[in-house]
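Please look over the sequence and the structure shown below before reading on. The report that follows goes through a few local features in turn.

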Amino acid sequence: MIYAIDIEDKRYHEDRRIKIFQGSQNDSAFLEKIALKIGQIHVIIDDGSHINEHAITSFRTLFPYLADGGIYVIEDINTSYYPDYGGNS
């Protein structure tokens, strides 16, 4: 089963094995609610806003739901150095 989260309504992409939730990756209460519905997660891929604060919120909230031996990937971490995304050198 594939679960996705997007700030925009992308439910038109849903299928038998794809469930899409609409909300912010920077909303820990929303993420917690989704994680409790899903249960243990085996792979998490964060390809969200690329804003540092958002990636950190997602990681802190979702990592405890990652299965033993699971994989947590954060894409485009180079933005952590860009001031426009809340980063610096």
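## Aromatic rings

Rings of Phe, Tyr and Trp (for Trp, its six-membered ring) are said to pair if their centres lie within 6.5 Å, and a pair counts as stacked if the planes are under 30 degrees apart, as edge-to-face if they are over 60, and as tilted for the rest. By this rule, a search of the whole structure, which is a predicted model, finds 5 aromatic pairs. In one of these pairs, the rings of F59 and Y72 have centres 4.9 Å apart and planes at 75°, so this pair is edge-to-face. Because F59 belongs to helix α2 and Y72 to strand β4, the pair ties together parts that are 13 residues apart in sequence; here helices (H or I, at least four residues) and strands (E, at least two) are DSSP runs, numbered from the N terminus.

Ring pairs also link F59, F63 and Y72 into a cluster. With buried meaning under 20% relative accessible area, exposed over 50%, and partly exposed in between (1.4 Å probe, protein chains only), Y72 is buried at 17%, whereas F59 is partly exposed at 34%.

## A charge over a ring

A charge sits over a ring if NZ of Lys or CZ of Arg is within 6 Å of the ring centre and within 35 degrees of the ring normal. The charged end of K19 sits in this way over the ring of F21, 5.2 Å from its centre.

## Two packed helices

Two packed helices are described by the angle between their axes and the distance between the axes. Helix α1 (residues 28-38) packs against helix α2 (residues 52-62) at an angle of about 35°, and their axes are 9 Å apart; the axes are lines fitted to C-alpha atoms over the stretch in contact, and angles run from 0 to 180 degrees between N-to-C directions.

On the side of α1, the contact (heavy atoms within 4.5 Å) is made by S28, L31, E32 and A35, and on the side of α2 by T57, S58, T61 and L62.

Residues are numbered from 1 along each chain as its sequence is written, and side-chain values use heavy atoms, with hydrogens and water left out. In this predicted model, local features need pLDDT of at least 70 and side-chain atom pairs count only at pLDDT 80 or more, while totals for chains, interfaces and linings use all residues.
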